[in-house]
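Hello,

Here is the structure I promised to pass on to you. Please open it beside this email, and the notes below will walk you through what turned up.

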Amino acid sequence: MNLDEYRGVWVFIEETDGVIEGVSLELLGAGRQLAEKLEVPLAGVLMGDGVKALASKVIAHGADEVYVIDHPVMKHYRTESFMRGVIMLAEKYKPEIFLYGATPNGKDLASAVATDLNTGLTADTTMLDIDLENRLFEASRPAFGGNIMATILCKKHRPQMATVRPKVMKALEPDSSRQGRIIEEKIALSEDDMRTKVLKIVKDITNKANLADAHVIVCGGKGMGDLQNFQMLYDLADAIGATVGGTRDVVEAGWLPHELQIGQTGETVTPKIYFAIALSGAIQHVVGMKNSEIIIAINKDPNAPIFDVATYGIVGDALEIVPKLTEQFKKILSEKGGEISYA
């Protein structure tokens, strides 16, 4: 393999029902930084049925080029059809870096493409950088239970690939004046050739709390002591219109369901306000919330790592502080007619 033939940073653009997934826009922001360091173009790879109109949005969010495969067989995601499209493009244009969102579809596609192209894939990365001296893509992620950060290199194969979790990177502000190239490619696909058929799409309409969309999150750790004490976090959340989440230890103790876990093995969140209460700030938790706009930490240990990432910190016993905070919030909101807005 002649590595010098491979140039450019690519981002797989995931869309559902004509809407680009947020993680794809976030990866365009991260990809823009990588491309500028390498002095190469940033490209988006957009596939689906009737998706060409979305190419302008991809360019507005930082791409120099957009490769488009518009085909009826790609109306819904299937591994086989999308893998064939990506492999065709990658073999023809030879990107050196290829980023995918760590969504169910993104992880499925990336692993299938890596296998077929005989290249490496780093999963669930939280930091991306370039070793300019050796022109290598550095993909970092927590390892060994989150106790260290591992930087993974793919020295001998291309493209260098990684999946990145939603909410870890930040999207650029869209610039509608940006100009870019749209490259349309054709692919020979037939529904009869597909080994799987999409019979029905069933959307989740449950009322489960959605941490990813929450403006304010109250997250508790094992330092709350027990399940009964943990309930006071719900009182605080109810008072300020927040969603409750927890650390891995809390979920393993059975105080919360797994879908409310925040961190490397749970959800990655970016709320406007994040209360980190009675939790130490282990790296596997911090990677899931460090991009919150305001982080308010409460811990009785003044040396707790959570204070290193906190915007504001309160040193003290959460069991004493949380009820007082809740009381004050209720009092203030009552005086203001109960109205609260985080827009």
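Predicted model: local features only at pLDDT ≥ 70, side-chain atom pairs only at ≥ 80, totals over all residues.

Two strands count as paired if DSSP finds at least two bridges between them.

**The seven-stranded sheet**

Leucine 121 takes us into an open sheet of 7 strands, ordered E7-E11-E6-E1-E4-E5-E12 and paired in parallel. The edges are held by strand E7 (121-125) and strand E12 (181-184); each has a single partner strand, so one side of each is left without a neighbour in the sheet. On average, neighbouring strands here are turned by 20 degrees against each other, ignoring direction. For E7, 3 bridges in the parallel sense link the strand to E11 (residues 160-164).

A helix packs on this sheet as well: H3 (residues 79-93) touches strand E1 (9-13), strand E4 (42-48), strand E5 (65-70), strand E6 (97-101) and E12. The direction of H3 makes about 140 degrees with that of E5.

Next, have a look at strand E15 (residues 273-277), where 5 of 5 residues are buried. Both faces are covered: Ile273, Phe275 and Ile277 lie on one side, with Tyr274 and Ala276 on the other.

E15 pairs with strand E13 (residues 216-220) in the parallel sense over 5 bridges, and tyrosine 274 of E15 is the bridge partner of isoleucine 217. Strand E16 (residues 294-299) also runs parallel to E15, joined by 5 bridges. There, isoleucine 273 has isoleucine 294 of E16 as its bridge partner.

**Helices H5 and H8**

How do the axes of helix H5 (residues 227-240) and helix H8 (residues 318-335) cross? They come within 9 Å of each other, at an angle of roughly 20 degrees. Angles under 35 degrees count as roughly parallel, and H5 and H8 are therefore roughly parallel to each other. Their crossing is left-handed.

From H5, the residues that meet H8 are Asn229, Met232, Leu233, Asp235, Leu236, Ala239 and Ile240. On the H8 side are Ala318, Leu319, Val322, Pro323, Thr326, Phe329, Lys330 and Leu333. Sorted by class, this contact has 11 nonpolar, 2 polar and 2 charged residues.

Enjoy exploring, and write back with any questions.

Best wishes

Terms used:
Residues numbered from 1 in each chain as written. Heavy atoms only, no water. Buried < 20%, exposed > 50% of the residue type's maximum accessible area, 1.4 Å probe, protein only. Helix = DSSP H or I, 4+ residues; strand = E, 2+ residues; numbered from the N terminus. Axes fitted to C-alpha atoms, helices over the stretch in contact; angles between N-to-C directions. Parallel < 35°, antiparallel > 145°, perpendicular 65-115°, else oblique. Left-handed = near helix turned anticlockwise from the far one by under 90°. Contact = heavy atoms within 4.5 Å. Nonpolar A, V, L, I, M, F, W, Y, C, P; charged D, E, K, R; others polar.
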